[in-house]
Amino acid sequence: MMDPVKIDTLLEARWIIPVEPAGAVLHGHAIAIDQGMIRAILPRAEAHVQFEPRERVVMNSHALIPGLINLHTHAAMSLMRGMADDLPLMEWLTHHIWPAEAKHVDQGFVFDGTRLACAEMLQGGVTCFNDMYLFPEAAARAALAAGMRASIGMIAIDFPTAYASDPDDYLTKGLALRDDYNPHSLLSFCFAPHAPYTVGDKNLSRVLTYAEQLDVPIHIHLHETGDEIDNSLKSYGMRPLERIHKLGLLGPNLIAVHMVHLTGGEIELLAQQGCSVAHCPSSNLKHASGLAPVAALIEAGVNVGLGTDSAASNSRLKMFEEMRLAALLAKGQSGRAEVLPAWQVLQMATLNGARALGLGDRIGSLVPGKAADIAAVDFSSLDMAPCYDPVSHLVYAAGREHVSHVWVNGKMLLRDSELTTLDREELVHRAEFWREQMTTGVIAVHEK
């Protein structure tokens, strides 16, 4: 008989929900982890014979799931949470957010705000986020300080900000950042042109050229509001999706964020071109932007992931809430209760997001050979009892408060609901510091 293989960690749980194959639920199994990777998933009794772990974690009332993937964030804007609520998107941006950014946002703001967001996301089972914001180098440092996985946006905007002076400056700085950090086991990169109304044709074409050369995704806000479409028709004589299609941006590397206002033909076009969509239901509702036709997108074959958007536009970075809301809205909008079953919504929050980021071979499901990005959800509380279907409970009953442990690359970042890499008190202190900086009277305050 062979001696057991020494490994770093053995996780044992009531259920393991691997996401691949779809809908699978493993009872009484264990996950063997070594050097940050999933070595095997097998029944507990077999695991005890085959492996000798340095650490054994037994969770008899838990489900282990792939770490959630937040497909659209502006993480540092957590420091603007609640700053100007109850406003339409463009009024919110032009009269509140952009002036605040011009005055206050710098490397320190982004570093502190992104760490604050990382802490909130880790407590909610998120192990990877796709970010779009100014000073992305500070966001990268913050993600690494937290130990999280992140896709860092190389942002592009036509107008100057505190971060960059012109379109050339944005791209130069973004490419230099990627060179500095590539390759890194926890970081990947995408181009992040903000939106068709802030980036002109010339700059979008340059982004496409670089994205094709480097084979990285393009992450862009698109068809978020009716006004965006109306203004595009006036300025360009076409809807934004048609415009970027003519520029060549539609393809498997495109992550289109929001996609609220779509025709049937546009949905088919997205499917034909292999595009991904980042669905942000809470943000769309809060700004009264509308309801994305998620059921139609998925039925057409479009890869749809889930995002929170920023805490400034959502107030929360809770992917469990986005899962529940996405499912309920799709059912109500379509009039069909069978639309978006729980297993499919969990896949949206995990594997679909990984695929959109070009990381589907590394994360998004619990499969041997993939990174050990894992969240443990505790089913022992009263509001989770009884449980007939753990996948259903994850989408309709569970919340951030049920997440007890999180691992990224096999490293435990949340233990018994306590952060292991970030100091909660320090983050609260830094958030209060920035609140004081931003309430000096310079920024307009929305009054009812």
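Colleague: Leaving out residues up to four places away in sequence, what does H72 touch?
Modeller: Keep in mind that this is a predicted model. In it, H72 touches N130, H219, H221, V257, H258, A278, C280, G307, T308 and D309.
Colleague: Is H72 buried or exposed?
Modeller: Its relative accessibility is 0%, so H72 counts as buried; the cut-off for buried is under 20%. H72 is part of strand β6, residues 68-73.
Colleague: And where does H74 lie?
Modeller: H74 is in the loop between β6 and α2. H74 is buried too, at 7% relative accessible area. Apart from neighbours within four places in sequence, H74 contacts D131, M132, Y133, H221, D309 and S310.
Colleague: Which residues does UniProt list for "binding site"?
Modeller: An unreviewed UniProt entry lists H72, H74, H221 and D309. They're spread over 238 residues of sequence but cluster in space, with a largest C-alpha distance of 11.8 Å.
Colleague: New topic: how many residues are in the largest nonpolar core?
Modeller: That core has 123 residues, and M80 and F109 have the most contacts inside it. Helix α3, residues 107-123, gives the most to this core, with eight residues.
Colleague: Why does this core lie between domain 1 and domain 2?
Modeller: Because both domain 1 (5-66 + 371-416) and domain 2 (68-357) give residues to it.
Colleague: Back to M80, what does it touch?
Modeller: Not counting residues up to four places away in sequence, M80 touches I97, A100, E101, V105, F109, Y133, A312 and M438. There's also a second, separate core of 15 residues, including L11 and I374.

Key: Residues numbered from 1 in each chain as written. Predicted model: local features only at pLDDT ≥ 70, side-chain atom pairs only at ≥ 80, totals over all residues. Heavy atoms only, no water. Core = buried A, V, L, I, M, F, W, Y, C linked by side-chain atoms within 4.5 Å. Buried < 20%, exposed > 50% of the residue type's maximum accessible area, 1.4 Å probe, protein only. Helix = DSSP H or I, 4+ residues; strand = E, 2+ residues; numbered from the N terminus. Domains from an automatic or database assignment. Contact = heavy atoms within 4.5 Å. UniProt positions renumbered as here; feature names shortened; annotations may be inferred.
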